[in-house]
Amino acid sequence: MGARPQFVKLAPIAWTSKDFVSHGIIHTGQHYEPLLSDSFFETLHIPKPDFNLGVGSGSHAEQTGKMLVGIEEILQSHRPDHVILYGDTNSTLSGAIVASKLDIPISHIEAGLRSFNRRMPEEINRILTDHCSNLLFAPTKTAMKNLHNEGLGSSSFLSGDVMIETIEHIVREIDSDIPEEDFIFCTIHRAENTDNADRIKDIIFKLRKSLVPVHLYCHPRLRNILTKLGLFYESQNLKLFSPLNYMDSIKKISASLGVITDSGGIQKESYILSKSCMIVRNETEWVELLSNGAHFLDSDLISITSDWWSRVKVKDEESLFGKGQISKFILEKILNFHS
Ligand code: UD1
């Protein structure tokens, strides 16, 4: 793994594997800024990676190519019994290509997510990874259905979402009830939102019209683009911040009135923390979230001038993303696979 959302998914597996099995970590270096990487290892008590390829940023081919070479060298010399991959980043896909060609069994955690939008790099990464994997762990019933539809049902398990364990762990570490403040928690980082100048200009223009202050925690991709476009400045209702470590991010979401995001992880975190969420996209892989109305797709931020966050109360009555020790379930299935 190598990118921020993967550290959050790896954490419970790293904690639980201590009691079970020897577990090593390859960090590709896709995310390298301390605020996107080191701070997550510290806050989530994840052991230091055994390898860091230091690949860094680049075009998709450049980044993926360097990862393939680096991962292959490590897997060839260490010959692990099993490779676990998380999510849908370029780091995930690289691991899938290398391990499958070296004939090392693969588990994909967060399998079966589909946006059905092939222009997203993540959609390509997740489809290819699923089809290279031996064990597929689906976080939701919809993901499980997608895997069945693609002929992958017999190697798939409905495990629930490991991220739930990470959120619950952090919520336990946060002392008391966090009082609500008058601000909206916001992140925008997806290529389809940031990499088109007209699109990102429109999003920023709309955010400045919010009824209450928007706190925008800027991924470097966004910061760089806004700086280039001369848009990296604050206004009365748009405040700009650096990315947060995981604990601070959970605290800030808890303190906010509501959330605006294009991140998959933050859509779920806001749901678990009972916050309404405006999803700045045309579709979501987490379709279950849309059922109660508190989470809604609004790619053009049409509702920005209303009090959208107070319309519906969010309650996870059905435990949409699973319960209990999801990481233990996954590790047991992996060990069974080898027994
Ligand atoms: C990646 C994942 C995306 C995930 C996101 C989480 C892919 C294709 N995308 O997107 O699915 O939601 O991580 O954050 O793998 N940069 C820095 N410092 C860093 C990392 C990145 O400045 O430490 C800047 C660089 O300008 C870089 C840009 O961010 O070119 C994009 O980084 P990249 O790793 O390509 O993808 P993300 O946008 O982070």
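The ligand is surrounded by 20 residues, the closest of which are Gln-30, His-31, Glu-122, His-219 and Arg-221, where a residue counts as near when one of its heavy atoms lies within 4 Å of the molecule. The model is predicted, so that local features need pLDDT of at least 70 and side-chain atom pairs count only at pLDDT 80 or more, while totals for chains, interfaces and linings use all residues. Residues are numbered from 1 along each chain as its sequence is written, and side-chain values use heavy atoms, with hydrogens and water left out.

By class, the shell around the ligand holds 5 nonpolar, 10 polar and 5 charged residues; here Ala, Val, Leu, Ile, Met, Phe, Trp, Tyr, Cys and Pro count as nonpolar, Asp, Glu, Lys and Arg as charged, and the others, Gly among them, as polar. Helix H1 (4-17), helix H3 (60-78) and helix H10 (220-228) each supply at least two residues of this shell, and H10 gives the most, with 3 residues. Helices (H or I, at least four residues) and strands (E, at least two) are DSSP runs, numbered from the N terminus.

An oxygen atom of the ligand lies 2.9 Å from an N or O atom in the side chain of His-189, and one lies 3.0 Å from a polar backbone atom of Glu-33. For the side chain of Asn-224, the distance from an N or O atom to a ligand oxygen is 3.3 Å. Taken alone the ligand exposes 750 Å², of which the protein buries 88%, with accessible areas from the Shrake-Rupley method and a 1.4 Å probe.

The space that the ligand takes is the largest pocket, a molecule being placed in a pocket if more than half of its atoms lie within 2 Å of the grid points. On a 1 Å grid over the protein atoms alone, a pocket is an open set of points with protein on both sides within 12 Å along at least five of seven lines, a cavity is a set where a 1.4 Å probe fits but cannot get out, and lining residues have an atom within 4 Å of a point. The largest pocket has a volume of about 1,200 Å³, the volume being the space filled by probe spheres set on the points. Its lining has 50 residues, with Ala-3, Pro-5, His-31, His-189 and His-219 nearest the centre. The largest share of that lining, 5 residues, comes from H12, and by class the lining divides into 19 nonpolar, 18 polar and 13 charged residues.

The second largest pocket contains about 730 Å³ of space and is lined by 29 residues, of which Gly-24, Pro-80, His-82, Val-83 and Ile-84 lie nearest its centre. Elements that give two or more residues to this lining include H1, H3 and strand E3 (83-86), and the lining comprises 17 nonpolar, 10 polar and 2 charged residues.

Finally, the count comes to 1 cavity of 30 Å³ or more. The largest cavity has a volume of about 40 Å³, and its lining residues include Ile-109, Phe-137, Asp-161 and Ile-330.

Methods: Polar contact = N/O pair within 3.5 Å; in protein donor to acceptor, adjacent residues only side chain to side chain.
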